[in-house]
Amino acid sequence: MAMRMKVRKSWAVLAAAIAATGCVPASQGPDTVVEPRSFSGDAPRGSALLRSAMVEGHNRARQDVGMAPLRWDQTLAADAQRYADELARTGRYRHSEAQTRGNEPEGENLFRGTRGAYRYSEMVQLWIDEKRYFKRGITPDFSTTGNWRDVSHYTQIVWWNTRRFGCGFASSRTSDYLVCRYAPPGNVVGEDVFGGR
């Protein structure tokens, strides 16, 4: 039986422009990757399953490097859901220009892939798998490839002083969109991913 193919578009997680937040700016466009599907039919969906997969994936990655677990924040999740809905409605795939709630900046991870082709756990794992290019360094010098975008989803997940996060998910006719928001944001220029420890 032939494997169905799935397409993933993913780009760097970032908080906001350096001038506004001190964080590295978002990239101009994501790469497209085509890969075989690991299952047939559509991936299971639902808000409880999303939350469970995101909390498990994020906190496993943080535990692996000795960082405290993140707490799910419903307000951040609502912010992420609003933006996921916007991405699905407009088809534009780029970082939000308004990643703040009140005076608090938020970090952001984005994922886009073929509708129904990725489980939530696979989405977060693709971010975590960026660890293979990670090297300890001061932001943005933390990638063995020389391109901080290659690891910046991962570095946001394990960022030393990020404490809370929430995620939202929406679908268009052809694509799934996952948005996660983080507070305090990671990828702050001039800081160590692990806070100098």
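Modeller: A hairpin joins β7 to β8 through 3 residues. This is a predicted model, in which local features need pLDDT of at least 70, side-chain atom pairs count only at pLDDT 80 or more, and totals for chains, interfaces and linings use all residues. Residues are numbered from 1 along each chain as its sequence is written, and side-chain values use heavy atoms, with hydrogens and water left out.

Biologist: What makes β7 and β8 a pair?

Modeller: Two strands (DSSP runs of E, at least two residues, numbered from the N terminus) pair if DSSP finds at least two bridges between them. β7 and β8 have 8 bridges in the antiparallel sense, so they meet that definition. One of the bridges sets Arg 164 against Ala 183 in β8.

Biologist: Which strand is joined to β8 by 8 bridges and runs antiparallel to β8?

Modeller: That is β6 (residues 107–114). Asn 109 stands opposite Cys 180 in β8.

Biologist: Why is the link of Cys 167 and Cys 180 called a disulfide?

Modeller: The term requires a pair of cysteine sulfur atoms within 2.5 Å; here the S to S distance is 2.1 Å. The link is right-handed, with 105° about the S-S bond.

Biologist: How do you know that β8 is mostly covered?

Modeller: Buried means under 20% relative accessible area, exposed over 50%, and partly exposed in between (1.4 Å probe, protein chains only). In β8, 9 of its 9 residues are buried. Both faces are covered, with Val 179 among the buried residues on one side and Cys 180 among those on the other.

Note on methods:
Helices (H or I, at least four residues) and strands (E, at least two) are DSSP runs, numbered from the N terminus.
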